[in-house]
Amino acid sequence: MAVLDILDLSVSYTTPRGDLKALRGVSLSVPQRRIVGIVGESGCGKSTLISAIIRLMAPNAQIRSGSIRLKGAEILELSEAQMRALRGAEISMVFQDPMQTHNPVLTVGRQMIDIQYRDKLSKTEKRKRAAGMLALVGIPDPEARLNQYPFEFSGGMRQRIAIAMALMAKPALLIADEPTTALDATLEVQIIKRLRELQEEVGCSILFISHHLGVIAELCDEVVVMYAGEVVESGSVRDVFHNPAHPYTRALLDCDPGHIKVRTRNLPTIPGNIPDLVHLPQGCIFAGRCDKRHDACAARPDMATVNPSHHAACHLIAVRETA
Amino acid sequence: MTDAGLQGPRSELGEILHHLVRDPLGLAGLIIVTVIVASAAFAPWIAPYDPIALNVPDRLQGPGGAHLLGTDQLGRDTFSRVIWGGRVALQVALPTIGGAIFFGLLLGMIAGYGPRWLDSLIVLLFDTVRSFPTVMFALAVVALVGPSLNTVIIVIMATSIPTYGRVVRTLTQSLREAEFISAERSLGASTARIMSVHILPNVLGPLVVLAAMDIPTVVGLEAGLSFLGMGVKPPTPSWGSLLNDGYNLIRNTPWLIVAGGMPLILTTIGFTFLGEALRDVVDPKLRGKGGK
Amino acid sequence: MSTLLQIRDVRVRFRVRGGIFSSAGSIDAVSGVSLKIEEGTTCGIVGESGSGKTTLARAVAGLHHATSGSILYRGQELRDLPEAEFRKLRREIVMMFQDPIGSLSPRLSIKSLITEPFRIQGIKGRDLDAEAKRLLAMVGLPPEFAARYPYQISGGQARRVGVARALALDPKLLIADEPTAGLDVSIQGEMLNLLARLQDELGLAIMIITHNLSVVRHITDRVGIMYLGKLVEEGETETVFARPQHPYTLALLAANPEADPDAQLMRVELKGEPPSILRRPDGCEFHTRCPFAQPKCAAEVPAWEVSGEAAHRCHFPASWAQSEGRTA
């Protein structure tokens with residue numbers, strides 16, 4: 001049984017210009033003890049997706065259809081009180097900006113003890129647990145550090161503390177929303193490695209959002225590629241990165257600076273912009289920017305199977321299958 | 001961000017009005033303020049009687065008939081006095097606040113953008129002036145110089161400058177570190193140019209909001225001084241002097257107090273609502289409307 | 001090709017006021033940097049937070065005062081040059097800022113913004129409308145943009161406006177501070193291609209500041225790696241990429257791996273966090289994080305060694321190659 005099962009989720013925002021269809025028919029699943037990455041650029045809907053999972057959505061957001069199951073149980077029907085019971089316990093999150101994650105006027109120790117409010121332990125035991133988590137994420141001298149304030153830590157350390165806090169309750173699912181984007185690349189290396197180790201130790205699943213393809217390739221077992229509110233490709237990391245089936249994925253990989261080995265003054269790009277999500281174009285969402293566009297693309301493609309663990313929404317795959 | 005989502009810019013005023021009309025309180029404020037300002041501007045044509053014309057035989061009448069709000073102890077039409085009183089109130093408020101804005105901008109921008117020693121000096125000046133209780137200060141000056149419209153204007157302006165100056169100074173300080181100021185400096189823009197073209201327009205917004213909210217205070221101050229007999233000289237009508245007369249004649253007619261008090265209340269409500277609504281319009285604009 | 005910009009041993013020092021938690025002192029954000037940019041070439045300065053790269057760029061652009069050293073532009077000393085004199089050079093030395101929308105004055109239209117240089121430099125008699133259209137076309141934006149305001153355009157478009165503004169008076173040196181930060185991968189190429197094209201068409205020299213080494217590879221002729229305010233390695237781009245000598249360069253290269261799950265990653269993991277610039281480590285300042293550090297590194301400051309078209313500052317350059325028996 002998967003930890004998280006999202007089926008056909010559609011979310012829209014009500015705006016003065018009309019209905020902004022931020023997510024359309026999104027399906028993905030996070031198996032137990034696996035790390036699933038979501039890759040996408042601005043406007044792909046990954047923020048909306050996460051906000052729908054933890055149900056902390058903007059006031060003008062509406063879930064039009066679909067289902068989200070956590071360990072088999074439907075969570076879209078849960079009340080706010082029930083969701084609150086889940087957040088921080090079954091599902092926890094690490095956010096992008098380490099500078100704004102913590103309450104600046106409380107010590108780190110106080111915050112780490114506070115979030116254990118659900119557990120019936122003595123304060124000393126909670127403190128010990130907090131210190132243990134800090135040590136686990138690689139913060140030296142954790143006992144003393146518990147008495148310090150967030151401003152006394154660097155960005156990288158704050159992010160580690162955020163991870164420690166997120167994993168303390170041993171959640172079933174950790175959602176990491178671009179946790180290393182705001183950090184230097186060399187720090188990112190350290191944190192990714194630590195995250196991998198922690199995931200194995202705690203035994204949770206991770207949903208890892210990033211636009212950094214190299215990090216996804218290294219950390220994740222599976223990857224989901226999103227474009228303008230839809231899932232365009234999903235599969236094991238090996239399949240998707242070695243054998244990208246969707247033209248968008250292929251173009252994205254081509255654009256990755258780390259990928260381009262030969263020095264060139266004419267770097268590849270994907271020309272054009274994402275389509276207007278209020279007045280959606282007909283047919284395939286990527287057709288407007290796709291170099292393999294043809295007549296069939298006027299109709300929306302279904303998710304085609306490249307192999308049992310690799311799917312992509314492109315007419316060309318279906319063609320290959322029937323051929 | 002797709003191009004499809006971007007509209008051409010409305011005019012600044014159009015933008016503001018558009019938002020004000022949506023907000024019920026803002027709309028109410030706008031209407032009230034318009035009524036007050038219009039009646040003050042068109043007082044000579046709207047007021048049914050000459051406000052200082054005596055008509056003793058008709059004194060202390062209640063509302064009705066020839067006199068909408070009755071008459072005062074000298075037979076003067078109360079309604080006309082209210083309208084002309086509004087003119088006086090705005091005649092005090094506008095130059096006062098105008099002057100406070102002008103000097104507040106000047107001193108505030110210099111303090112915020114200039115060298116630290118100048119900043120300290122100006123702040124010292126501000127704090128000194130602010131430490132005087134305004135009404136006491138006004139009374140002292142009036143006692144020395146004698147009551148008159150101009151005296152009231154100058155005194156209130158002088159005591160208001162620090163408030164505006166401080167706001168401008170804080171805004172200027174934060175803008176000074178903004179990336180676009182660095183960009184302009186890198187192009188070689190002079191300090192004068194940076195202050196006038198790049199800082200001033202961005203400071204004006206919050207300042208206008210402050211001014212709108214400040215008008216009731218200034219009007220109230222003028223009324224207070226006139227109530228004490230230290231403001232405008234009789235027989236010039238003022239809401240404050242109406243209140244004073246009403247206070248003395250409360251047993252004869254309650255209408256004078258109503259006539260003096262209601263406009264003050266309406267002015268406060270109107271300008272406060274307008275100011276709050278303006279603040280909501282100005283704030284998001286400062287932060288920029290880009291993004292999702 | 002003549003030398004356009006020559007930076008010699010530049011130091012930028014800031015005084016830090018004491019507070020409740022820290023003592024007063026001074027920090028050297030840039031602590032002795034020397035490099036050269038030839039006409040029409042591109043130089044990349046790469047470093048992470050605290051490296052001093054942005055401070056260096058701003059010092060060259062005349063926004064920070066360089067405490068010591070020399071910054072020669074076409075032989076003229078820029079350090080301590082009075083603003084009245086510097087202003088004349090601001091036609092030739094221009095800067096593009098990191099925050100694309102924040103670097104545009106919010107109340108001015110795009111047209112006003114990109115023609116600011118004409119007004120500031122007191123250039124009369126030009127048709128500013130036509131100039132605005134010309135500059136917008138140069139950066140690939142449609143002429144309608146002239147009437148828009150900064151809050152109505154996207155970050156990528158705002159970056160291009162920043163470029164257009166910088167190009168207004170036909171500059172010779174463009175300092176680009178993180179031109180691709182925050183841009184989606186699929187459009188990063190657009191900005192870099194634009195800069196390359198402008199260089200070819202206008203003979204522009206470019207100084208690119210970035211933390212992303214892979215971006216720098218394609219567009220620069222030379223690259224310098226900064227750490228804690230000093231250059232640790234510098235040289236021709238291809239040489240530095242093919243044969244990095246300093247461990248930090250290697251770490252940066254390894255931190256931006258290819259999207260290949262099977263790639264054998266030359267994982268250089270740095271220890272700990274960057275040290276505080278208030279308390280610089282002894283000896284080689286990188287030794288606290290260096291996975292190849294030896295006792296000598298904590299004691300002695302390594303000298304700047306030039307070898308061919310590259311230079312570095314390390315006691316044991318490319319030590320990984322020797323220990324693992326293969327070239328990096």
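**Figure 1. Confidence in chain C of the predicted model.** Chain C has a mean pLDDT of 87, and 94% of its residues reach 70 or more. This is a predicted model, with an ipTM of 0.85 and a pTM of 0.84.

**Figure 2. Helices, strands and overall dimensions of chain C.** Eleven helices and twelve strands are found in chain C. Its C-alpha trace spans about 65 × 50 × 45 Å along the principal axes. The radius of gyration of chain C is 21 Å, which agrees with a compact globule, because a globule of 328 residues would have a value near 20 Å.

**Figure 3. Burial and contacts within chain C.** Of the 328 residues in chain C, 51% are buried. When contacts between residues at least 6 apart in sequence are considered, 63% of those in chain C join residues at least 24 apart.

**Figure 4. Confidence along chain B.** The average pLDDT of chain B is 84, and 92% of the residues score at least 70. Among the elements of chain B, the highest mean pLDDT, 93, belongs to helix 5 of chain B (residues 116-130). The lowest, 75, belongs to helix 1 of chain B (residues 12-22).

Figure 5. Where pLDDT is low, predicted coordinates should not be read in detail.

Notes:
Residues are numbered from 1 along each chain as its sequence is written. Chains are lettered from A and ligands numbered from 1 in the order in which they are written. This is a predicted model: local features need pLDDT of at least 70, side-chain atom pairs count only at pLDDT 80 or more; totals for chains, interfaces and linings use all residues. Helices (H or I, at least four residues) and strands (E, at least two) are DSSP runs, numbered from the N terminus. The radius of gyration is taken over C-alpha atoms; the globule rule is 2.2 Å times the number of residues to the power 0.38. A residue is buried if 20 or more other C-beta atoms lie within 10 Å of its own, exposed if 12 or fewer, and partly exposed in between; C-beta atoms are placed from the backbone. Two residues are in contact if their C-beta atoms, placed from the backbone, lie within 7 Å. pLDDT is the predictor's confidence in each residue, from 0 to 100.
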